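Please consult the sequence and the model while reading.

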Amino acid sequence: IASTQEGEILQEMLDHFKVRHYFQADLIFTSDCISHQRESVDKPTETFWRVVRARSGIDEPTVLPLVGNSLRTDAPAVRFGHPVVLLDTCGHQRPYLTLHPLLFFCRSTPAVERVLVRLGLPS
């Protein structure tokens, strides 16, 4: 998980929805957990994604897709080579962006899963 949520709030959300067991604790990245006193590191900056790749041990951004719902904080990851799957249930976001080969818009979670499988992730 790479999130702009504060770490504590994200942990509460994982507990509330009973999905914490799906995620490795050391692979949950929030801006507040990777920032330090001298520098704020936030999505959608390149530094944020460089830290996520380094800490996850994944050098190639094309094998680290991002699933999100924000044009502002998620879509910019395509500039750094990450596939981005935006969950846009209403279909309002797509018209605002020029299509990019690493940017996918989905209107449902089954559609997100189909894109991730097409990108090579296990189903």
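## Surface patches

Glu 6, Glu 8, Glu 12 and Asp 32 gather in a surface patch of negative charge. Glu 6 is placed in the loop between strand E1 (2-3) and helix H1 (7-16). Ile 9, Met 13 and Phe 17 make a nonpolar surface patch of about 280 Å². Phe 17 belongs to the loop between H1 and E2 and is exposed, with a relative accessible area of 56%.

Patches are made of residues with over 30% relative accessible area and no salt bridge; like charges are joined within 9 Å, and nonpolar side chains (Val, Leu, Ile, Met, Phe, Trp, Tyr) within 5 Å. Lys and Arg count as positive, Asp and Glu as negative, while His and the chain ends are not counted. The place of a charge is NZ of Lys, CZ of Arg, CG of Asp or CD of Glu. Accessible areas come from the Shrake-Rupley method with a 1.4 Å probe, and for residues only the protein chains shown count as cover.

## Basis of the model

This is a predicted model, in which local features need pLDDT of at least 70 and side-chain atom pairs count only at pLDDT 80 or more, whereas totals for chains, interfaces and linings use all residues. Residues are numbered from 1 along each chain as its sequence is written, and side-chain values use heavy atoms, with hydrogens and water left out.

## Overall organisation

The protein has 4 helices and 5 strands, which run β-α-β-α-α-β-β-β-α from the N terminus on. Helices (H or I, at least four residues) and strands (E, at least two) are DSSP runs, numbered from the N terminus. Of the 123 residues, 37% count as buried; buried means under 20% relative accessible area, exposed over 50%, and partly exposed in between (1.4 Å probe, protein chains only).

## Salt bridges

The structure holds 3 salt bridges, each a side-chain nitrogen of Lys or Arg within 4 Å of a carboxyl oxygen of Asp or Glu. Asp 74 and Lys 43 meet in one of them, at 2.7 Å from N to O. This pair links distant parts of the chain, 31 residues apart. Asp 74 is buried, with a relative accessible area of 3%, and Lys 43 is buried, at 6%.

Glu 46 forms a salt bridge with Arg 50, the closest N and O atoms being 3.9 Å apart. Because Glu 46 and Arg 50 are 4 residues apart in helix H3, about one helical turn separates them.
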